[in-house]
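Dear colleague,

Please find below the structure that I am handing over to you.

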Amino acid sequence: MAESEGCFSRMGIFMKILYICLIWLLMCQYSMAFYLPGIAPIDYEKGQKLEVKAVKMTSVKTQLPYEYYTLPFCKPQKLDFKPENLGEVLRGDRIVNTPYEVAMNVNKKCTVLCEPIELTDEMVDTLTKRIEKEYFIHMVLDNLPAATKLYILNNGETHYDHGYRLGFILDDKKVLINNHLKMIFKYHTYDNITYRVVGFEVQPRSYEFNSLDIDKNTCSLKSETPAGQEIKKNAKVRFTYEVEWQSSNIVWASRWDTYLAMSDVQIHWFSIVNSVVIVLFLSGIVAMIMIRTLRSDIARYNKEDDYEDTVEETGWKLVHGDVFRPPQKPWLLTAFIGSGVQIFCMVLITLVFAMLGMLSPASRGSLVQAIILLYVFMGVFAGYHAGRLYKTLKGVNWKKSTVVTAALYPGFVSAICFFLNFFIWGKHSSGAVPFTTMIALLCLWVGVSLPLVFLGYYFGYRKYPYEHPVRTNQIPRQVPEQMWYMKKFVGSLVTLIQGFLSMFSVYLWFNHNHVLIVLFQAIWENQFYYLFGFLFLVFVILAICVSQISIVITYFQLVSEDYHWWWKSFLMSGSCSFYVFLYAVFYFVTKLQIVDFIPALLYFGYTLIMVFSFWLLTGTIGFYSTYFFVRHIYSAVKID
C-alpha cells in the first residue's frame with residue numbers, strides 16, 4: 001500500500017512538472033518573435049523609393065517553381081539578381097528587380113508599366129500552360145511577401161493567399177491573364193515623419209488591351225466592366241498597375257502574423273494539453289508496469305534457489321551469456337546508428353533554435369540552410385557514437401565502417417536528388433540545383449562532414465567500449481522454438497503494429513493541432529511553417545513512445561530466450577516511418593491535385609528521403625533506449 005502511495009505521489013509530481021513544461025512551450029509558441037537578433041526595422045520617409053522584387057512563381061499542381069522572367073513580363077533596363085543563400089537556391093528562389101515604381105506613402109493611379117507586348121506562339125503556349133496549372137507569382141517589398149485577399153471567413157477573419165494568381169480560365173474556354181495589379185501597402189508610423197511597411201496586398205485584374213484610355217504613362221478604364229485580356233496569338237498585352245497606401249495599427253513586430261495564419265489552422269489549446277497529458281500519462285503507466293515486472297523478475301533471479309529450481313528456471317536471465325553477442329554485419333548497423341545520431345542532433349538543435357524564433361521566415365532560406373549546415377557539423381557526433389559502438393561490437397575494420405557511416409545517408413539523398421534534378425532541368429525550372437551549388441554541397445561533404453566523421457570515429461574507436469555487465473559465452477546458445485506470436489512473420493506484423501501504436505499515440509495531437517498537415521502544407525503548398533513549439537513537443541512524445549514500445553517488445557523477446565535483439569530493436573522502432581509514408585500517400589490522393597508524371601515523381605522521391613530520414617531517426621532512438629535498458633536489467637542480476 002505504501003509503495004502504491006509512493007508511486008502515485010511520484011506520478012503527481014511528474015504531472016505538475018509536465019504542466020509547467022506545457023505552459024512554457026505554449027508561451028514560447030504563442031510569442032511571435034520571428035526576427036533574428038540584429039535585424040531591425042527600416043524607417044522610410046515620405047516619398048522615399050521602395051523596390052518591388054519578384055521571387056518566383058509556383059504551383060501546387062506541378063511542384064515546379066519558375067523564374068519570374070520566364071514569362072513575357074515588363075523588364076527594367078538592367079536585371080539585378082539578389083545574392084541568395086543556400087536555402088533560397090535550393091527552394092528555387094530567384095529574386096530579381098522589377099520595373100514597378102513605389103514611393104513611401106505616395107499613392108499612384110493607374111500607370112502603364114511598359115510598352116505593349118505582342119504574344120508569339122511560344123508565349124501563348126507557355127502562358128496557357130502556366131495558367132491552367134494555377135501558377136502564383138510571388139513578390140516582396142521590404143522583405144514582406146505579397147498576399148491576396150480571398151474571402152472573409154464566418155468568424156470575421158480575412159483569409160489571405162501567398163502571392164497572386166497569374167491568370168484564370170473563363171467559361172472553361174478563354175484563358176485570361178492578370179495584367180493589372182492594384183498594390184495595397186500598409187504602413188505604421190509613430191510620429192508621422194517616419195514610416196514602416198507592415199502589409200503588402202495585391203489585387204490582380206485582367207484588362208483587355210482596348211479597354212483602357214492611355215494618356216502618356218497614365219491610364220483609365222473606358223467602362224466599369226472591362227473585358228479581360230485573353231491569351232491568344234498576336235494579341236497585345238499591356239501591363240499596368242496602381243499603388244495605394246493605407247495606415248494600419250499593426251506594429252512592425254507583428255506584420256508577419258497575417259502570413260503565418262494563411263494555412264487556416266485552428267489551435268485547440270485545451271484539447272492539445274489534454275491529449276499530451278493523456279499520452280504521457282499512459283506512457284507513465286506502461287513504465288510503472290514494466291518497472292514492477294522487472295523488480296519481480298530481478299528479485300526472483302537473485303534469491304538463493306535450490307539447484308533443481310535453477311535448472312528448471314526460464315526467462316531472460318538464461319540468455320545472459322549471449323545477450324551482448326555482436327550481431328551480423330555490425331558495420332552496417334553502426335552506420336545506421338551513426339547516421340541516426342547525426343540526424344537526431346540536427347533535428348534537436350534546429351527545433352530548439354526555431355522555437356526561440358532564431359530561424360525566422362523573414363530570413364528566407366534560413367531554415368533549409370540551418371538544417372544542412374547543422375547536419376554537416378553534427379558529423380563528429382555521428383562518427384564518435386558509431387566508432388564507440390563498433391568497437392563495443394568487436395569490429396576490426398574501422399576505416400571501412402567510417403566511410404560507410406559518412407557516405408550512407410548523404411549518398412542516398414544525393415542519388416535521389418541528382419536523379420530528380422535531371423527531370424527538373426528538363427522542365428527548365430528554377431528548382432533545379434545549379435552546378436555551382438552542387439559543387440558547394442560536395443565541398444561541404446568532402447571538406448567538412450567527412451573529416452568530422454573520421455575525427456569523431458577515431459576518438460570513439462580509441463575510447464573504451466561500452467561496459468557490459470555480463471560476459472559473452474564462446475559458444476552461442478541455441479534459441480529454443482518460439483511461440484507462434486514470436487515467429488518471423490508474426491514478428492513482422494508486431495513490428496508494424498508497434499509503429500502504428502507509436503504514431504497512434506500522437507494521433508490526437510495531430511488531429512487537434514494539424515501539425516503534420518501544416519508541415520506537409522509548408523513543404524508542398526508553399527506555406528509558412530511556424531508551429532515549432534508544438535513540433536518539438538510532438539517529437540519528445542514520439543521519442544518516448546518509440547522507446548517504451550521497443551523496450552517492451554524486446555523484453556518479451558528476451559523472456560522467450562531469443563537474444564537476437566540488436567537489429568530488431570532498430571527495425572521495430574523505425575517502423576513508424578511506414579505510417580509516415582502511408583500518410584504521404586493519403587495526402588497526395590486527398591489534398592494535392594498533382595496529375596502529371598514528373599510532379600508525382602518529385603513528390604514521392606522527396607517523400608522517400610523524408611521517410612528514410614524518419615526511419616533512421618526513430619530507429620536510433622529505439623535502439624539506444626533498448627540497449628541501455630538491456631544493460632541496466634542485466635547489471636541488476638547476480639550472475640554465477
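In this predicted model, the side chains of Glu 88 and Lys 82 form a salt bridge, with 3.7 Å from N to O. The term denotes a side-chain nitrogen of Lys or Arg within 4 Å of a carboxyl oxygen of Asp or Glu. Glu 88 is buried at 3% relative accessible area, while Lys 82, at 33%, is partly exposed. Here buried means under 20% relative accessible area, exposed means over 50%, and partly exposed lies in between (1.4 Å probe, protein chains only).

Salt bridges with shared partners also join Lys 56, Arg 91 and Asp 93 into one network. By the rule above, the count comes to 13 salt bridges.

Another of these pairs is Arg 196 with Asp 43, at 2.7 Å from N to O. Arg 196 belongs to strand β14 (residues 194–205), whereas Asp 43 sits in the loop between α1 (2–30) and β1 (44–45); the two are 153 residues apart. Helices (H or I, at least four residues) and strands (E, at least two) are DSSP runs, numbered from the N terminus. Arg 196 is partly exposed at 21% relative accessibility, and Asp 43 is partly exposed at 39%.

A salt bridge also links the side chains of Lys 61 and Glu 134, at 3.4 Å from N to O. Lys 61 lies in the loop between β2 (49–58) and α2 (86–91) and Glu 134 in the loop between α3 (121–132) and β6 (136–141), so this pair ties together parts 73 residues apart in sequence. Glu 134 is partly exposed, at 31% relative accessibility.

Residues are numbered from 1 along each chain as its sequence is written, and side-chain values use heavy atoms, leaving out hydrogens and water. Because the model is predicted, local features need pLDDT of at least 70 and side-chain atom pairs count only at pLDDT 80 or more, while totals for chains, interfaces and linings use all residues.

Yours sincerely
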